[in-house]
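Biologist: I would like to learn how to read strands and helices in a model like this one. Please start with a sheet and then move on to a helix.

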Amino acid sequence: MMMSRKTSQVCDAPSSIGEPPESNQQRLYRVWKGNNKFLCGGRLVFGHDAASLYLTTFLIGCPALTFCIRMVVTIKGDQPHYDYPVFVAGLVLTILDFTFLFLTSGRDPGIVPRNSRPPESDEAYEMSTPSMEWVNNKGSSLKIPRIKDVTINGHTVKVKFCDTCLLYRPPRASHCSICNNCVQKFDHHCPWVGQCIGLRNYPFFIMFISSSTLLCIYVFVFSWINLLRQGGNLWRTMSRDIVSVILIVYCFVAVWFVGGLTVFHVYLICTNQTTYENFRYRYDKNENPYTKGILGNLKEVFCARIPPSMVNFRAWVLDDDDIVMGSITSESERGFIGSKEKFDTEMGNKFTKDGNMVVPSILQKLDYSGIDDNMRRKNLDSSGFDGDLKRKASDQPFLFPIGQEPKNLKGSSDAGVNSIREKRT
């Protein structure tokens with residue numbers, strides 16, 4: 001799918017994957033301005049802090065695999081009909097937990113394609129806004145309202161302009177400062193999975209924390225059962241089976257974190273809120289424009305089809321700063337001039353990289369048909385310009401090169417001064 005050079009970083013991909021690209025083209029993920037990390041040629045999208053997955057994998061895998069190994073050791077005992085099912089169920093839960101962890105952290109959470117330049121003034125005024133705050137463009141007099149009003153389910157919702165992505169964020173979207181992307185239905189950035197949680201990976205995140213909670217409870221319960229099945233004095237049994245004791249203590253502590261997080265997100269799902277909205281807008285106290293009832297909210301998360309990614313990170317893009325610019329260097333510099341553009345502050349004219357002057361849009365829209373050519377020619381003849389300047393002035397009536405003055409300009413000014421002095425005397 002072809003996205004406009006004006007509004008997106010993505011351009012046409014070749015019809016055949018094996019077709020060699022042009023020399024000035026690269027895969028989009030190689031020039032993406034966000035802080036994401038990519039694997040498998042842009043097929044896997046991770047967050048900026050994806051290295052935290054090593055810690056998360058260790059915290060989940062170490063106790064889970066220890067429990068499974070503990071059950072394998074006891075399989076040769078007198079009750080294999082108990083040991084086998086417990087081992088298999090624990091192994092399945094561990095595999096499911098890691099699967100949901102990978103699906104949460106390794107996919108596009110719902111990144112919104114960024115623009116290479118701000119919206120046109122006509123687009124900026126398409127929606128009504130009561131806001132008096134404007135986004136100023138250093139390069140021109142264009143002003144864009146920072147907040148727009150849109151109507152959702154009969155409620156007015158405010159959407160904000162993103163200075164980095166140069167777009168009005170869709171409703172429920174927010175900009176993640178860690179990954180440097182606007183994300184659809186942004187929930188939060190989870191440091192444990194190293195990824196933003198948004199529209200496209202939220203169901204997998206719910207399954208991840210739910211399976212983690214279930215795995216903690218499972219290991220905790222059956223570790224206790226393993227101790228009690230040994231009979232005799234409990235304290236002596238615990239002193240002999242240190243592994244089960246460590247697993248019980250570990251899972252008891254961990255279940256409060258993952259279990260509490262799971263319960264909190266079940267509440268958010270039932271009320272159709274995100275973590276960001278719950279802390280920012282307090283929809284539990286104010287009217288929520290997105291709620292569809294408990295059943296409708298549950299269906300939206302667990303039964304709705306996950307939308308396709310808005311960004312094709314494997315698409316070919318032109319290796320040009322004007323196309324892949326995508327972000328602004330700092331919050332204080334909110335001008336929309338690219339790094340390769342030059343701006344003549346003395347003349348007020350904008351130049352491209354080739355050195356050609358760009359005529360301001362306000363001058364392009366002026367109607368020159370009413371100008372009397374004879375009067376203009378007469379004024380040029382009496383101006384004192386040489387032949388070359390006359391030709392340039394006739395082609396561009398508003399262009400006057402700096403440093404080149406008409407020959408009779410100085411004489412005219414001297415004559416004016418002399419006439420004023422004569423009147424005073």
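Modeller: This is a predicted model. Begin with the order of the strands: an open sheet of 3 strands runs β6-β7-β8, with antiparallel pairing. Its edge strands are β6 and β8 (167-168), each of which pairs on one side only.

Biologist: How many bridges join β6 and β7?

Modeller: Strands count as paired if there are at least two bridges between them. Here β6 and β7 (residues 155-162) are antiparallel over 6 bridges; Val150, for instance, has Val157 in β7 as its bridge partner. The two strands form a hairpin with 2 residues between them, and Asn153 in the turn has a positive phi of about 50°.

Biologist: What joins β7 to β8?

Modeller: There are 2 bridges, and the strands run antiparallel. Cys162 has Leu167 in β8 as its bridge partner.

Biologist: Why is β6 described as largely enclosed by the rest of the structure?

Modeller: Buried means under 20% relative accessible area. In β6 (residues 147-152), 5 of the 6 residues are buried, so the strand is largely enclosed by the rest of the structure.

Biologist: Now the helix. What is the reach of α7 from its first C-alpha to its last?

Modeller: Compare the reach with the expected span. Helix α7 (residues 242-271) has 30 residues and reaches 44 Å, close to the 44 Å expected. There is also a bend of about 30° at Val255. After α7 comes Asn272, with a positive phi near 55°.

Biologist: Which elements do the buried residues of α7 pack against?

Modeller: Those residues, including Leu247, Cys251 and His265, pack against α2 (52-74), β11 (188-190), α5 (202-229), α8 (275-280) and α9 (294-302).

Note on methods. Residues numbered from 1 in each chain as written. Predicted model: local features only at pLDDT ≥ 70, side-chain atom pairs only at ≥ 80, totals over all residues. Heavy atoms only, no water. Buried < 20%, exposed > 50% of the residue type's maximum accessible area, 1.4 Å probe, protein only. Helix = DSSP H or I, 4+ residues; strand = E, 2+ residues; numbered from the N terminus. Expected span 1.5 Å × (residues − 1). Bend = angle between axes of the 7 residues up to and from the residue. Contact = heavy atoms within 4.5 Å.
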